[in-house]
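Here is a short report on one protein chain. It takes up the pocket, then the fold, then the aromatic rings.

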Amino acid sequence: MPAKERFAVMSKRKGDTETLQAMLGIYCQDKHEGAETLCPDCRELLDYAEARLAKCPFGENKPTCARCTVHCYKPAMRARIREVMTFSGPRMLRRHPVLALKHLVHGILGNPRKHRSTSPD
């Protein structure tokens, strides 16, 4: 992979990681008695999500998870991250507006069609 492409993938993943960290920070602070750092459960979820993100086969073309055709999370972890995102999403605009807008734009402008499998189901 050329250096420019590797940088784009790392930048995209870095942005996604920052968004995950912010969302989990909001969720944990509001739901788990105002902790300054993530509780063990939220830390476990963040570590899991970061590991999944690092292994995403779409690289820089990664859609938002909600629009992805490959669901790489285990069902229990997927339910947990969905709960975090549902709770934190609306709060992101006030607490982390730049990250929230980037995530929204990526979700709206992303092209899920280019990620679809061509194999018949």
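The largest pocket has a volume of about 740 Å³. A pocket here is an open set of points on a 1 Å grid over the protein atoms alone, where a 1.4 Å probe fits, with protein on both sides within 12 Å along at least five of seven lines. The volume is the space filled by probe spheres set on the points, which are joined across faces, edges and corners.

This is a predicted model: local features need pLDDT of at least 70, side-chain atom pairs count only at pLDDT 80 or more, and totals for chains, interfaces and linings use all residues. Residues are numbered from 1 along each chain as its sequence is written, and side-chain values use heavy atoms, with hydrogens and water left out.

The lining of the largest pocket holds 32 residues; a lining residue has an atom within 4 Å of a point. Nearest the centre lie Thr-64, Cys-65, Ala-66, Met-85 and His-103. Helices α1, α2, α3 and α4 (97-109) each supply at least two lining residues. The largest share, seven residues, comes from α3. By type, the lining divides into 20 nonpolar, seven polar and five charged residues. Nonpolar covers Ala, Val, Leu, Ile, Met, Phe, Trp, Tyr, Cys and Pro; charged covers Asp, Glu, Lys and Arg; the others, Gly among them, are polar.

The chain has four helices and zero strands. Helices are DSSP runs (H or I, at least four residues), as are strands (E, at least two), numbered from the N terminus. Of the 121 residues, 31% are buried, meaning under 20% relative accessible area with a 1.4 Å probe, protein chains only. Among contacts (heavy atoms within 4.5 Å) between residues at least 6 apart in sequence, 73% join residues at least 24 apart.

Next, the rings. Rings of Phe, Tyr and Trp (its six-membered ring) pair if their centres lie within 6.5 Å; planes under 30 degrees apart are stacked, over 60 edge-to-face, the rest tilted. The count comes to two aromatic pairs.

| Pair | Centre to centre | Angle between planes | Class |
|---|---|---|---|
| Tyr-27 and Phe-87 | 5.7 Å | 85° | edge-to-face |
| Tyr-48 and Tyr-73 | 5.4 Å | 90° | edge-to-face |

Tyr-27 lies in α1 (residues 3-31) and Phe-87 in α3 (residues 75-95), so their pair ties together parts 60 residues apart in sequence. Both Tyr-27 and Phe-87 are buried. Tyr-48 and Tyr-73 are buried too.

Charges also meet these rings. A charge sits over a ring if NZ of Lys or CZ of Arg is within 6 Å of the ring centre and within 35 degrees of the ring normal. The charged end of Arg-91 sits over Phe-87, 3.7 Å from the ring centre. That of Arg-52 sits over Tyr-48, at 5.9 Å.

Key:
Buried means under 20% relative accessible area, exposed over 50%, partly exposed in between (1.4 Å probe, protein chains only).
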